[in-house]
Amino acid sequence: MNLLMRRYWYYKLKGSPYQSLFGALQKGEYVSLDCETTSLDPNRAELVTIAATKIIDNRILTSAPFEVRLRAPQSLDSGSVKIHHIRHQDLLDGIDEKRALIKLLDFIGNRPLVGYHIRYDKKILDLACRKQLGFPLPNPLIEVSQIYHDKLEKHLPNAYFDLSLDAICKHLDLPLQSRHDALQDAIAAAMVFVRLTHGDLPSLNLPYVSR
């Protein structure tokens, strides 16, 4: 969200407890975030789970993560279950969307959101926030696959890079997750971010980096 839009929402939300979200950004802190949804089409997708973990300097606060499951949305069908393996019975204790978003905002504030394909998550959350709360998320975005690509591009111009999350983690000598749920993917993206912003790239002689 650009500065002009931040100012617009700041004044539009005057008197609202959410006005401060569109004020000055918190510095030195980030939140890595991931969502599970009912579709890969952000215009049709509904939220199933949301997970996040804070990053302060080069520390990932995995001991105090954010994780919520929502009530099973109407669009949760066999096709979407194949994507995230979350069934109706797994969401019996889920909370409603508005409550989930309020909890999320309390956790993330206006910290920049780090993630893998984070624009997809942001678009879905924006649609949900506009519907439930009347405004979009204020948070700037940081795409870890773009940081990874840009760093490699400096050393190997015009090369092909495997930008899958597993390949990035493998190249950066980060532990691969045994399961891909929202929280584990958020933690993986956080590790990639910290590795790329506080460490050096390992060897570029890799099978998934080719000219």
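Me: In the loop between which strands is the place of Asp-57?
Reply: The model is a predicted one. Asp-57 has a phi near 55°, a positive value in a residue other than glycine. Its relative accessibility of 48% makes it partly exposed. The loop that holds Asp-57 lies between β2 and β3 (59-60).

Me: Which value is phi of Asp-173 near?
Reply: Asp-173 belongs to the loop between α6 (165-171) and α7 (182-198). Most residues other than glycine have a negative phi. Asp-173, a residue other than glycine, has a positive phi, near 60°.

Me: Is Asp-173 buried or exposed?
Reply: A residue counts as exposed when its relative accessible area is over 50%. The relative accessible area of Asp-173 is 60%, so this residue is exposed.

Me: How many disulfides does the count come to?
Reply: A disulfide requires two cysteine sulfur atoms within 2.5 Å. The closest cysteine sulfur to that of Cys-35 belongs to Cys-129 and is 9.9 Å away, which is too far for a bond. For Cys-169, the nearest cysteine sulfur is that of Cys-35, at 18 Å, and Cys-169 is in no disulfide. By this rule the count is zero.

Me: What is the relative accessible area of Cys-169, and is the residue buried or exposed?
Reply: The cut-off for a buried residue is a relative accessible area under 20%. Cys-35, with 6%, is buried. Cys-169 has a relative accessible area of 2%, and is therefore buried.

Me: With the side chain of which residue does the side chain of Thr-37 make a polar contact?
Reply: Thr-37 lies in strand β1 (residues 29-37) and is buried, with a relative accessible area of 5%. The side-chain to side-chain contact, at 2.5 Å, is with Tyr-120.

Me: Why is β1 largely enclosed by the rest of the structure?
Reply: A residue is buried when its relative accessible area is under 20%. Tyr-30, which lies in strand β1, is partly exposed at 24%. Thr-37, by contrast, is buried at 5%. The strand as a whole is largely enclosed because the buried residues of β1 number seven of the nine.

Me: Over how many bridges do β1 and β2 pair, and in which sense?
Reply: Within this pairing, Leu-33 stands opposite Ala-52 in β2. The two strands, β1 and β2, run in the antiparallel sense, and their bridges number nine.

Me: Which residue in β5 does Ser-32 stand opposite?
Reply: β1 is also joined to strand β5 (residues 113-115). The two strands run parallel and share two bridges. The residue of β5 opposite Ser-32 is Val-114.

Me: What distance separates the C-alpha atoms of Tyr-30 and Ile-95?
Reply: Tyr-30 is a residue of strand β1. Along the chain, Tyr-30 and Ile-95 are 65 residues apart. Their C-alpha atoms are separated by 25 Å.

Me: How far apart in space are Ala-159 and His-149, C-alpha to C-alpha?
Reply: Ala-159 is in the loop between α5 (144-155) and β7 (160-161), and it counts as buried at 12% relative accessibility. In sequence, Ala-159 and His-149 are 10 residues apart. In space, the C-alpha to C-alpha distance is 9.9 Å.

Me: Which element gives the most to the lining of the second largest pocket?
Reply: The second largest pocket holds about 300 Å³ of space. Its lining has 18 residues, and the closest to the centre are Glu-46, Leu-47, Glu-97, Lys-131 and Gln-132. At least two lining residues come from each of α3 (97-108) and α4 (118-132). With five residues, the element that gives the most is α4.

Me: How many residues of the lining of the second largest pocket are charged?
Reply: The lining includes nine nonpolar residues and two polar ones. The charged residues of this lining number seven.

Note on methods:
Residues are numbered from 1 along each chain as its sequence is written. This is a predicted model: local features need pLDDT of at least 70, side-chain atom pairs count only at pLDDT 80 or more; totals for chains, interfaces and linings use all residues. Side-chain values use heavy atoms; hydrogens and water are left out. Buried means under 20% relative accessible area, exposed over 50%, partly exposed in between (1.4 Å probe, protein chains only). Helices (H or I, at least four residues) and strands (E, at least two) are DSSP runs, numbered from the N terminus. A polar contact is a pair of N or O atoms within 3.5 Å; within protein, one must be able to donate a hydrogen and the other to accept it, and residues adjacent in sequence count only if both atoms are side-chain atoms. On a 1 Å grid over the protein atoms alone, a cavity is a set of points where a 1.4 Å probe fits but cannot get out, and a pocket is an open set with protein on both sides within 12 Å along at least five of seven lines; lining residues have an atom within 4 Å of a point. Grid points are joined across faces, edges and corners, and a volume is the space filled by probe spheres set on the points. Ala, Val, Leu, Ile, Met, Phe, Trp, Tyr, Cys and Pro count as nonpolar, Asp, Glu, Lys and Arg as charged, and the others, Gly among them, as polar. Two strands pair if DSSP finds at least two bridges between them.
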